[in-house]
Amino acid sequence: MPGLTDLYKEIALCRKCEIARSRTKVVPGEGAENADILFIGEAPGYHEDQQGRPFVGPAGQFLEELLASINLTRRQVYIANVIKCRPPDNRDPLPIEISNCRPWLERQIQQISPKIIVTLGRYSMAMYFPGKSISKIHGTAQTVNGVTYFAMYHPAAALHQGNLRQDLLRDIQKLPAILDEVKRSAQPETPEPAEPQQLSMF
Ligand code: URA
């Protein structure tokens with residue numbers, strides 16, 4: 001299977017949407033190729049568009065704080081977005097942009113094969129928890145076809161609504177235990193340790 005670097009080259013050539021013309025840099029995503037946890041945000045903003053990297057502005061700073069609170073760095077996880085180009089004036093992604101971009105996200109997921117996908121905000125949540133409301137399901141997980149999905153508010157939401165900060169900090173604390181459980185249930189049953197044997201020689 002071609003690696004992520006090849007995929008990034010393909011994404012950089014994508015011109016399916018109008019917003020590909022106004023972007024400065026495409027923002028495919030970044031992080032560990034074998035990450036256990038993949039975070040999916042919404043769309044690049046100003047800073048991301050300038051640098052070609054996801055979550056490098058104020059929302060990214062808070063995401064890094066959230067990760068640090070469970071002893072993770074951004075290099076240990078993978079961070080992607082629903083769409084890879086910045087919408088002008090940071091408008092919401094359009095349905096056509098989301099569907100045009102979805103195959104790229106699916107290929108990233110296939111390549112990384114994460115144990116947990118964390119949705120950040122409404123747009124990525126809608127892909128995996130259709131019809132659900134974020135205020136009801138944030139901080140909960142569901143497993144579908146061997147992949148566990150965990151919904152969280154978008155870190156940028158906490159920058160505007162301070163009360164969501166505590167929700168995000170509380171929700172992310174659940175991730176290590178969920179990951180342990182996912183890893184444990186993926187392991188084959190280990191047999192009970194044998195009774196210690198009497199050594200008859202002595
Ligand atoms: N918000 C997002 O959803 N993604 C980014 O990369 C930055 C801000």
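This report walks through a predicted model of one protein chain, from its overall build down to a few single residues.

## The whole chain

Let's start with the big picture. The protein chain has 202 residues, and 47% of them count as buried. Along its principal axes, the C-alpha atoms fill a box of roughly 80 × 45 × 30 Å.

As for secondary structure, you'll find 10 helices and 6 strands here. Take the contacts between residues at least 6 apart in sequence: 71% of these join residues at least 24 apart.

## Helices α1 and α5

Helix α1 covers residues 4–12, and its axis sits 11 Å from that of α5. The two pack at an angle of about 175°. Anything over 145 degrees counts as roughly antiparallel, so that is the label for α1 and α5.

Who does the touching? On the α1 side it's Leu4, Leu7, Tyr8, Glu10 and Ile11, and on the α5 side it's Trp104, Arg107, Gln108, Gln111 and Ile112. Sorted by class, this contact has 6 nonpolar, 2 polar and 2 charged residues.

## A closer look at Leu7

Leu7 is part of helix α1, and it takes part in the contact with α5. Its relative accessibility is 3%, and because buried means under 20%, Leu7 counts as buried.

Setting aside neighbours within four places in sequence, Leu7 is in contact with Trp104, Arg107 and Gln108. Leu7 and Trp104 are 97 residues apart along the chain, yet their C-alpha atoms are separated by 8.0 Å.

## Helices α4 and α9

Now for another helix pair. The axes of α4 (residues 58–68) and α9 (residues 163–172) come within 9 Å and cross at roughly 40°. That angle makes α4 oblique to α9. The crossing is right-handed.

From α4, the contact uses Phe62, Glu65, Leu66 and Leu67, while α9 brings Arg165, Leu168, Leu169 and Ile172. By class, that comes to 6 nonpolar and 2 charged residues, with no polar ones.

## Asn81, tucked into a strand

Is Asn81 buried or exposed? With 2% relative accessibility, Asn81 counts as buried. You can find this residue in strand β3, which spans residues 78–81.

The side chain of Asn81 reaches the backbone nitrogen of Glu42 at 3.1 Å. Not counting residues up to four places away in sequence, Asn81 touches Val27, Ile40, Gly41, Glu42, Ala43, Pro44, Pro54, Phe55 and Leu105.

Most residues other than glycine have a negative phi. Against that background, here are two residues to look up in the model. Asn90 has a positive phi, near 55°, and Asn145 also has a positive one, near 45°.

Where do they sit? Asn90 is in the loop between β3 and α5, the helix of residues 95–112. Asn145 belongs to the loop between β5 (141–144) and β6 (147–152). Asn90 counts as partly exposed, at 45% relative accessibility, whereas Asn145 is exposed, with a relative accessible area of 76%. The cut-off for exposed is over 50%, which is why Asn145 gets that label at 76%.

Definitions and conventions
Residues are numbered from 1 along each chain as its sequence is written. This is a predicted model: local features need pLDDT of at least 70, side-chain atom pairs count only at pLDDT 80 or more; totals for chains, interfaces and linings use all residues. Side-chain values use heavy atoms; hydrogens and water are left out. Axes are lines fitted to C-alpha atoms, for helices over the stretch in contact, and angles run from 0 to 180 degrees between N-to-C directions. Helices (H or I, at least four residues) and strands (E, at least two) are DSSP runs, numbered from the N terminus. Angles under 35 degrees count as roughly parallel, over 145 as roughly antiparallel, 65 to 115 as roughly perpendicular and the rest as oblique. A crossing is left-handed if the near helix is turned anticlockwise from the far one by less than a right angle, and right-handed if clockwise. Contact means heavy atoms within 4.5 Å. Ala, Val, Leu, Ile, Met, Phe, Trp, Tyr, Cys and Pro count as nonpolar, Asp, Glu, Lys and Arg as charged, and the others, Gly among them, as polar. Buried means under 20% relative accessible area, exposed over 50%, partly exposed in between (1.4 Å probe, protein chains only). A polar contact is a pair of N or O atoms within 3.5 Å; within protein, one must be able to donate a hydrogen and the other to accept it, and residues adjacent in sequence count only if both atoms are side-chain atoms.
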